[in-house]
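Hi,

Here is the structure I promised to pass along.

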Amino acid sequence: MGTRGALRWAAIAATVGVVALGGALAAPYLYAEHWARGHPAELSPLPTRPVRGRWFDDYYLVETLDAATYAIGEPRSDQGNYSYLIVGSARAVLFDAGTGKRDIVPVVRSLTRLPVTVVPSHLHFDHVGALGRFDRTALLDSGDLRARASDGTLQLGRYEFMGLYDGLEPPRFRVEEWWRPGQSLDLGGRQLTVLHTPGHTPTSLSLYDAERRQLFCGDFMYPGLLYAFLPGASRSAYRESAARLLALLDSRTTLFTAHLADDPPEIAAPRLQVADLRALHEALTEIARGRARAQGFYPRIFPVRGVVRYGDAFPWNAR
Ligand SMILES: [Zn+2]
């Protein structure tokens with residue numbers, strides 16, 4: 001090979017190297033863009049398997065968890081989302097605002113006449129459907145969210161919203177309340193603690209009702225593959241959040257989560273236990289020590305417990 005041939009090969013090798021490095025660094029974004037293609041947004045047919053609760057219409061499934069707590073399921077959405085209505089004597093909180101595929105407002109209004117504050121567990125497209133459509137909208141006072149809100153209105157970003165999946169544009173909505181991490185909310189005879197639980201996203205929030213031993217945790221955990229490989233995810237934040245929750249929660253707490261398992265024997269509010277949370281913390285510790293074995297390339301999938309698995313990015317993407 002002459003000098004010119006060698007130079008050409010060196011140039012090709014350098015280009016391939018730069019493209020591979022760029023792809024590896026941008027993996028969460030490339031995945032998000034690729035993932036967005038070819039997913040149908042239609043509803044699945046009415047389920048034939050047993051359901052817990054009652055149908056509100058032919059879309060929403062309402063399950064009474066106790067006299068003042070309701071799970072509102074969307075089992076016909078492709079993600080099997082669940083939102084939760086948490087009622088006190090003076091006001092109510094809707095934790096997660098649905099996918100927006102169908103109007104959730106009449107469902108909530110059929111369950112309470114009290115003023116409702118809606119708060120999303122995080123800002124992904126399948127949790128913010130009805131933000132701005134109840135009496136008040138709350139967000140976690142964390143990161144730069146509050147500073148970004150101008151005139152009390154927040155515009156979500158492309159990868160913050162991730163609506164590429166359903167071809168949705170990032171929304172803009174009004175925010176009336178900013179909840180501080182650790183803040184206690186008085187709903188009238190019922191106290192909730194606001195918890196900042198980053199990991200899935202940087203501004204993920206959970207609500208804890210210590211008296212009833214209920215944790216509403218959104219996409220922090222659910223019975224399926226946990227998405228920690230999209231933009232904004234962080235494995236170290238996930239592990240720290242899991243540790244903080246373990247230190248705080250009564251061990252008999254039920255975790256009410258936001259997504260149905262892939263093939264559940266019964267359609268019911270997706271619940272996990274503190275043992276699942278403990279297993280997640282252990283799995284994240286093992287992954288951090290390089291002692292866990294992954295399956296797959298992107299995401300790298302680690303077992304946690306039962307059907308719960310952790311979907312990691314490359315080590316340099318989502319530290
Ligand atoms: Zn979700």
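Let me start with Q183, which is buried, its relative accessible area being 18%. Q183 sits in the loop between β10 (177-179) and β11 (184-186). A polar atom of the Q183 side chain lies 2.8 Å from the backbone nitrogen of R180. Before you read on, keep in mind that this is a predicted model.

Now the metal site. The zinc ion is coordinated by D126 (OD), H127 (NE2), D219 (OD) and H259 (NE2), at 2.0 to 2.4 Å. Along the chain, these donors follow the spacing D-H-x91-D-x39-H. Both D126 and H127 are buried. As for geometry, the arrangement is irregular because the 4 donor atoms subtend angles of 90 to 165° around the zinc ion. To count as tetrahedral, four donors would need all angles between 85 and 135 degrees. Ideal angles for four tetrahedral donors are 109.5 degrees. One caveat: water is not among the atoms, so sites may look incomplete.

On to the charged pairs. The count comes to 22 salt bridges, and I picked out a few.

- D276 and R305: their side chains meet at 2.9 Å, N to O. D276 is in helix α7 (residues 274-288) and R305 in strand β18 (residues 300-305), so this pair ties together parts that are 29 residues apart in sequence. D276 counts as buried at 8% relative accessibility, whereas R305 is partly exposed at 40%.
- D57, D58, R76 and R102: salt bridges with shared partners join these residues into one network.
- D57 and R102: within that pair, N and O are 3.5 Å apart. The bridge links distant parts of the chain, with D57 in the loop between β1 (54-55) and β2 (61-66) and R102 in the loop between β5 (92-95) and α3 (105-109), 45 residues apart. D57 is partly exposed with a relative accessible area of 27%, and R102 is also partly exposed, at 28%.
- R146 and D141: the closest N and O atoms of this salt bridge are 2.7 Å apart. R146 is partly exposed at 44% relative accessible area, and D141 counts as partly exposed at 22%.

Last, the surface. W9, I12 and V16 make a nonpolar surface patch of about 330 Å². W9 belongs to helix α1 (residues 3-25) and counts as exposed, because its relative accessibility is 55%.

Cheers

Definitions and conventions. Residues numbered from 1 in each chain as written. Predicted model: local features only at pLDDT ≥ 70, side-chain atom pairs only at ≥ 80, totals over all residues. Heavy atoms only, no water. Patch = residues over 30% accessible without salt bridge, like charges linked within 9 Å, V, L, I, M, F, W, Y side chains within 5 Å. Areas by Shrake-Rupley, 256 points an atom, 1.4 Å probe, with all protein chains shown as cover. Salt bridge = Lys/Arg side-chain N within 4 Å of Asp/Glu carboxyl O. Helix = DSSP H or I, 4+ residues; strand = E, 2+ residues; numbered from the N terminus. Buried < 20%, exposed > 50% of the residue type's maximum accessible area, 1.4 Å probe, protein only. Donors = N, O, S within 2.8 Å, 3.2 Å for Na, K, Ca; no water. Tetrahedral: all angles 85-135°; square planar, octahedral: opposite > 155°, others 65-115°. Polar contact = N/O pair within 3.5 Å; in protein donor to acceptor, adjacent residues only side chain to side chain.
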